Amino acid sequence: MAKVAVVFWTQGGHTETMANAVAEGAKSKGAEVSVLFCSEFQADLVSQYDAIAFGCPAMGSEVLEEAEFQPMWDDCSSRLGGKKIGLFGSYGWGVGEWMENWKAAADDCGATVVNAVALQEDTIEDNLGQCRALGEALA
């Protein structure tokens, strides 16, 4: 049985909704899933999971949340080489550039990105299937 961590940060609840759908998808394929707020996750936990889904909404000028999520990501990124990961998050404006930049950063650290799901906030409920599919792919 695969062990999957779903690690996220949310402000308005959109990314948490997405995280729960990712977890649901992984569980549907038999994975053991831990859903964790980013402050509960650190680099020394990376090796305990077969796959990790990271979720963060676009902030400011299309960047990751800088106070909690970005430091956690920076701490973990050096240990993601060869690790199967997924990325997900919501945005209210812009074109999703933060996700393209984030995926490039994940590729640069050697992670195997199975999918990156960026959903505009007003379309999340209609597109949770993409999040479930991400979880299934990680399982």
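**Stop 1: two rings in the interior**

Select Phe54 and Trp73. Both residues are buried. You are looking at a predicted model. The ring centres of Phe54 and Trp73 lie 5.1 Å apart, and the ring planes meet at 90°, so this pair is edge-to-face. Now colour by secondary structure. Phe54 belongs to strand E3 and Trp73 to helix H2, so the pair ties together parts that are 19 residues apart in sequence.

**Stop 2**

How much of each residue is accessible? Trp73 has a relative accessible area of 3%. For Trp102 the value is 2%. The cut-off for buried is under 20%, so Trp73 and Trp102 both count as buried.

**Stop 3: the whole cluster**

Which residues form one aromatic cluster? Select Phe41, Tyr49, Phe54, Phe69, Trp73 and Trp102. In total, the structure holds seven aromatic pairs.

**Stop 4: a loop residue**

Next, select Glu62. Where is Glu62 found? Look in the loop between strand E3 (51-55) and helix H2 (69-77). Is Glu62 buried or exposed? Glu62 is buried, because its relative accessible area is 9%, and the cut-off is under 20%. Check the backbone too. Phi of Glu62 is near 60°, which is a positive value in a residue other than glycine.

**Stop 5: zoom out**

Count four helices and five strands. Trace them along the sequence, and the pattern reads β-α-β-β-α-β-α-β-α. The radius of gyration is 13 Å, close to the 14 Å given by the globule rule for 139 residues, so the chain is as compact as a globular protein of that length.

Of the 139 residues, 47% count as buried. Now think about contacts with a separation of 6 or more: residues 24 or more positions apart account for 77% of them.

**Stop 6: surface and charges**

Finally, colour by charge. The chain has 8 positive and 21 negative charges, and their mean positions are 12 Å apart.

Technical notes. Residues are numbered from 1 along each chain as its sequence is written. This is a predicted model: local features need pLDDT of at least 70, side-chain atom pairs count only at pLDDT 80 or more; totals for chains, interfaces and linings use all residues. Side-chain values use heavy atoms; hydrogens and water are left out. Helices (H or I, at least four residues) and strands (E, at least two) are DSSP runs, numbered from the N terminus. Buried means under 20% relative accessible area, exposed over 50%, partly exposed in between (1.4 Å probe, protein chains only). The radius of gyration is taken over C-alpha atoms; the globule rule is 2.2 Å times the number of residues to the power 0.38. Contact means heavy atoms within 4.5 Å. Lys and Arg count as positive and Asp and Glu as negative; His and the chain ends are not counted. The place of a charge is taken as NZ of Lys, CZ of Arg, CG of Asp or CD of Glu. Rings of Phe, Tyr and Trp (its six-membered ring) pair if their centres lie within 6.5 Å; planes under 30 degrees apart count as stacked, over 60 as edge-to-face and the rest as tilted.
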